[in-house]
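Hi,

Here is the structure I promised to pass on. Have a look at it first, then read my notes below.

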Amino acid sequence: MAVRVQAYNFARMSQQATSFRSHVTLAFCAILHALSHAYGQLLVPLYLMIVADLRLSGVRAASLIVTIYGLAYCIGSYPAGILADRFNRKTLLAVGLIGNALAMIAMGLTRQYEMLVVLAIIAGMFGTLFHPAANALVPAHYPKSPGMAIGLLGIGSGLGFFFGPQYAGWRAQTATWHWGSIADWQRPCIEMGIIGITVGIAFLIFGSETSEAQERQTGDAMLPNRVGIEAVVPNLRGEHARTHPPISAKLRKQVIAIAAVLSFRDFAGIATISLLSIYLQKAHDYTPKQTGLIVGLMMLISVIVNPLAVYLSPGRKRLPALSIVLVLGGVTLLFVPFLAIAWVLPVMCLFQAFQFGSYAISDAALLERVSPKVRGRVVGLFLTLAGTFASISPWVMGGWTDWLGLRAAEPHAYFPIFATLTGMMWLASISPPLIAKLNEPTESLAGLPPSIEVPTGLDHRLPATHQ
């Protein structure tokens with residue numbers, strides 16, 4: 001009896017310790033998420049300052065830097081997903097953040113446009129490590145509720161989209177320190193880079209990876225979408241026969257189809273950030289500081305929306321909710337060019353509530369339906385396709401608004417651009433049936449006893465944990 005009590009107490013203490021480490025890791029991953037997106041949007045309110053300082057031909061040249069960063073960030077996502085499924089994800093996340101931060105500091109030290117382009121590529125290559133690694137690591141820490149874990153991780157995106165433009169516009173106009181020939185728009189890059197290096201080192205110290213046993217809790221429940229019997233059936237030595245099973249051809253095609261449709265939403269979401277920055281400064285004479293504040297505040301809504309959207313759309317409610325928020329998000333964009341300036345922020349906050357809600361819902365719905373063994377590659381494949389297309393949107397917005405010429409000072413001239421983005425949101429609303437074909441979500445399957453069909457030729461004597 002005493003032995004049983006000691007064993008029970010030991011198991012309980014171990015579970016509590018694991019839970020604490022999981023919470024710390026989730027909190028840090030949300031901070032890393034924030035910095036990852038803050039770096040991607042840091043230059044957005046500074047477009048006109050960069051054009052004037054470097055004497056560029058137009059806004060499209062400045063927005064091209066952000067586009068190139070986004071392209072590098074997304075094109076490398078699938079290789080990053082392979083790394084996330086095979087190596088220590090905590091280390092990958094820390095290396096990605098520190099490398100991204102160092103590239104940002106270097107941007108703050110050069111005045112050559114060509115070097116800024118090169119550094120944007122380097123920063124994006126390090127930044128690409130975040131989503132595949134974090135979207136695989138965080139749900140693995142919470143095998144019973146991976147969807148809600150993704151919703152909480154999503155809080156970081158809103159903080160980053162708020163903090164990046166807000167901080168950049170504020171510091172570009174108020175920072176007074178001087179070092180060499182550093183321009184006003186470069187100071188936020190250096191300061192944010194130092195913050196990123198500090199957080200990356202702290203994450204290396206306090207973050208944690210998951211054990212194989214933790215991930216198996218989810219993997220065993222996902223039998224309808226198992227990627228091979230080796231993923232769940234131990235061999236005769238009681239070990240897993242394949243630690244890193246390949247993605248099936250069917251799953252790969254399904255993810256490609258989902259990414260192709262949701263890429264329209266991703267394009268519209270990234271495009272609105274650059275478009276609004278240009279719109280406010282050219283059509284309403286806003287300063288970079290005012291623009292950064294507006295663009296940042298409209299993103300802050302996701303701190304509440306991301307976890308709330310996941311909470312309010314459990315199980316089979318998730319996919320219908322995705323269609324609804326995408327359609328409503330598109331509707332809000334139509335009215336922006338006709339609004340008095342006082343109403344632009346509330347309406348754009350409403351748009352971002354729908355937009356970020358759709359990200360949280362679609363990410364949760366997708367990751368609940370795939371095995372933890374392949375989550376890194378699934379996220380990487382999705383981002384490579386959808387994210388790459390979305391990444392060209394800052395350059396497209398810069399070129400389109402340059403093409404307006406003198407009409408860029410007229411709010412109504414922006415209506416065709418906002419209407420185009422509305423159409424993209426509506427196209428993305430047809431994605432739920434594609435996601436539904438993957439499987440039942442993990443949370444619906446949790447608690448069901450696994451029943452494994454053992455192929456002919458394999459030993460039928462399974463250990464108790466698999467019977």
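Of the chain's 467 residues, 58% count as buried, where buried means under 20% relative accessible area, exposed means over 50% and partly exposed is in between (1.4 Å probe, protein chains only). Bear in mind that this is a predicted model, in which local features need pLDDT of at least 70, side-chain atom pairs count only at pLDDT 80 or more, and totals for chains, interfaces and linings use all residues. Residues are numbered from 1 along each chain as its sequence is written, and side-chain values use heavy atoms, with hydrogens and water left out.

The chain has 21 helices and zero strands; helices (H or I, at least four residues) and strands (E, at least two) are DSSP runs, numbered from the N terminus. Take the contacts (heavy atoms within 4.5 Å) between residues at least 6 apart in sequence: 85% of them join residues at least 24 apart.

Now go to helix H19, residues 415–428. Its 14 residues reach 20 Å from the first C-alpha to the last, close to the 20 Å expected at 1.5 Å a residue (the expected span is 1.5 Å times one less than the number of residues). Which residues of H19 are buried? They are Ile417, Phe418, Leu421, Thr422, Met424, Met425 and Ala428. Looking down the axis of H19, you'll find these buried residues within an arc of 160°, so they line one face of the helix; the arc is that of the directions from the helix axis to the C-beta atoms. They pack against several helices, including H12 (249–283), H16 (341–367) and H17 (375–391).

The axes of H15 and H19 come within 8 Å and cross at roughly 175°. Axes here are lines fitted to C-alpha atoms, for helices over the stretch in contact, and angles run from 0 to 180 degrees between N-to-C directions. That angle makes H15 roughly antiparallel to H19 (under 35 degrees counts as roughly parallel, over 145 as roughly antiparallel, 65 to 115 as roughly perpendicular and the rest as oblique). On the H15 side, the residues that meet H19 include Leu326, Val327 and Leu333, and among those they meet are Phe418, Leu421 and Trp426. By class, this contact has nine nonpolar, three polar and no charged residues. Ala, Val, Leu, Ile, Met, Phe, Trp, Tyr, Cys and Pro count as nonpolar, Asp, Glu, Lys and Arg as charged, and the others, Gly among them, as polar.

H18 and H19 pack at about 150°, with axes 11 Å apart, and that makes H18 roughly antiparallel to H19 too. Met397, Trp400, Thr401 and Leu404 of H18 make the contact with Pro416, Ile417 and Thr420 of H19. Five of the residues in this contact are nonpolar, two polar and none charged.

Elsewhere, H3 (residues 59–75) packs with H17 at an angle of about 175°, with their axes 8 Å apart. These helices are therefore roughly antiparallel to each other. Thr67, Gly70, Leu71, Cys74 and Ile75 of H3 meet Leu383, Thr384, Gly387, Thr388 and Ser391 of H17, a contact with four nonpolar, six polar and no charged residues.

Last, two loop residues. Arg55, in the loop between H2 (47–54) and H3, has a positive phi near 55° without being a glycine, and counts as exposed at 77% relative accessibility. Asp285, in the loop between H12 and H13 (288–300), also isn't a glycine, yet has a positive phi of about 55°; its relative accessible area is 66%, which is exposed.

Cheers
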